[in-house]
Amino acid sequence: MEEKTAIISKSQVEKYLSVSSVVGRVEQTYKWYAEGKIIMPSKITLDMASLNVPGWINSMPSYVQPCDIAGVKWVGGFINNHKIGLPFIKAKIMLTDPRTGLMKALVDGDWISDMRTGAQTAVFAKYLAPKNKDIVTIIGAGLQGYTTLACLCELFKFKEVRICDINSEACKNFITKAEIIVPCEIKAFNNNEEAVRGADIIVTATTADAPLVMNEWVKPGALVSTIGSYQELDEELIFKADKVIVDHIEQHLHRGEFVKLFEEGRMKKSDFYGEFPDIMTSRLKGRESEEERIVISIVGMGCLDVSIAAMLYDIAMKDPENELMIYDLAE
């Protein structure tokens, strides 16, 4: 049997996928996960800092039964990439036949990783945001902040978008890019408190390891989404939230927003209200009051990337003019 493997570049990923299709696929994949149609162990982190390599890489395998595909996302954060003009996050996705092990595709994962992370916040917000979603605040004027706003705008029409960053030039660039997709006013801030007060949806998308959103700034009914790799929220906000909801509990025990609190013994698994997929399938209630302040935290689930890449592969292979590079790796 020939081992035909497609190499799918970033430009081809963007050709065959849209923001809307990614948001829809993320929502569908969450439902598959809740229905027990996905096998996904917790991600494994390769932290290279102890040997003076300033970065980390995650291995995120999964099997997605409805796609009948097994795959792994190989993604890392590389501290010094900005010095050479590369984004902090770099990713690849490998798709394999679950019965033979033959590799079907190697896919550039940068756009998929950035967009699916943004789509996660958007899908969470669809189920958990307050009825009035007039003002959204994005803290972090980088690529992840932009993709999150792009995905949110697929589902909601805001009256005001606030972007906050310590780098005023980054804010200007963000607004120039976002004006194409956002039909409302976009305001730039360099003060987190001013940006957060009165907002209905608040998103932190930074590489910071410090509290960026304080408890007293967040109004009743707000939805707060943290998608950074470290702690971005005030501890008081975490402990006083009406609900703390995550995408995958086990992964939050060793990475992301709450890991220091777990290591210090000040937080336990029961402090989580639950996992988001269980809310989608009504095993758990979502928002029960317009006054509830809900904190959501997203560390990422590899099954989402594999599922999106599988959708991409099917679309591209059905295009007779796809221009994909196809290799027989057994040669």
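Me: Is Thr96 buried or exposed?

Reply: This is a predicted model, in which local features need pLDDT of at least 70, side-chain atom pairs count only at pLDDT 80 or more, and totals for chains, interfaces and linings use all residues. The relative accessible area of Thr96 is 14%, and the scale (1.4 Å probe, protein chains only) takes under 20% as buried, over 50% as exposed and the range in between as partly exposed. Thr96 is therefore buried.

Me: In which strand is Thr96 found?

Reply: Strands (E, at least two residues) and helices (H or I, at least four) are DSSP runs numbered from the N terminus. With residues up to four places away in sequence left out, Thr96 touches Ile69, Ala70, Gly101, Leu102, Met103 and Lys104, contact meaning heavy atoms within 4.5 Å. The strand that holds Thr96 spans residues 89–96 and is β6.

Me: At what angle do helix α2 and helix α11 pack?

Reply: Axes are lines fitted to C-alpha atoms, for helices over the stretch in contact, and angles run from 0 to 180 degrees between N-to-C directions. For α2 (residues 19–34) and α11 (residues 302–317), the axes are 9 Å apart and the angle is about 125°. That makes α2 oblique to α11, given that under 35 degrees counts as roughly parallel, over 145 as roughly antiparallel, 65 to 115 as roughly perpendicular and the rest as oblique. The angle asked for is about 125°.

Me: How many nonpolar residues does the contact of α2 with α11 have?

Reply: The contact is made by residues including Arg25, Tyr30 and Trp32 of α2, together with Cys303, Leu304, Ser307, Ile308 and Met311 of α11. Ala, Val, Leu, Ile, Met, Phe, Trp, Tyr, Cys and Pro count as nonpolar, Asp, Glu, Lys and Arg as charged, and the others, Gly among them, as polar. Beside 3 polar and 1 charged residues, the nonpolar count is 9.

Me: Which geometry does the ring pair of Tyr30 and Phe124 have?

Reply: Tyr30 in α2 and Phe124 in α3 (residues 110–128) are 94 residues apart, so that the pair links distant parts of the chain, and both Tyr30 and Phe124 are buried at 0%. Rings of Phe, Tyr and Trp (its six-membered ring) pair if their centres lie within 6.5 Å, with planes under 30 degrees apart counted as stacked, over 60 as edge-to-face and the rest as tilted. Here the centres are 6.0 Å apart and the planes stand at 70°, so the pair is edge-to-face.

Me: Which residues do ring pairs link into a cluster with Tyr30 and Phe124?

Reply: The structure holds 9 aromatic pairs. Within the cluster, Tyr30 and Phe124 are linked by ring pairs with Tyr127 and Phe276.

Me: What is the relative accessible area of Asp242?

Reply: Asp242 lies in the loop between α7 (235–240) and β13 (243–246). Leaving aside residues up to four places away in sequence, Asp242 touches Glu291, Glu292 and Arg293. Asp242 counts as partly exposed, because its relative accessible area is 47%.

Conventions
Residues are numbered from 1 along each chain as its sequence is written. Side-chain values use heavy atoms; hydrogens and water are left out.
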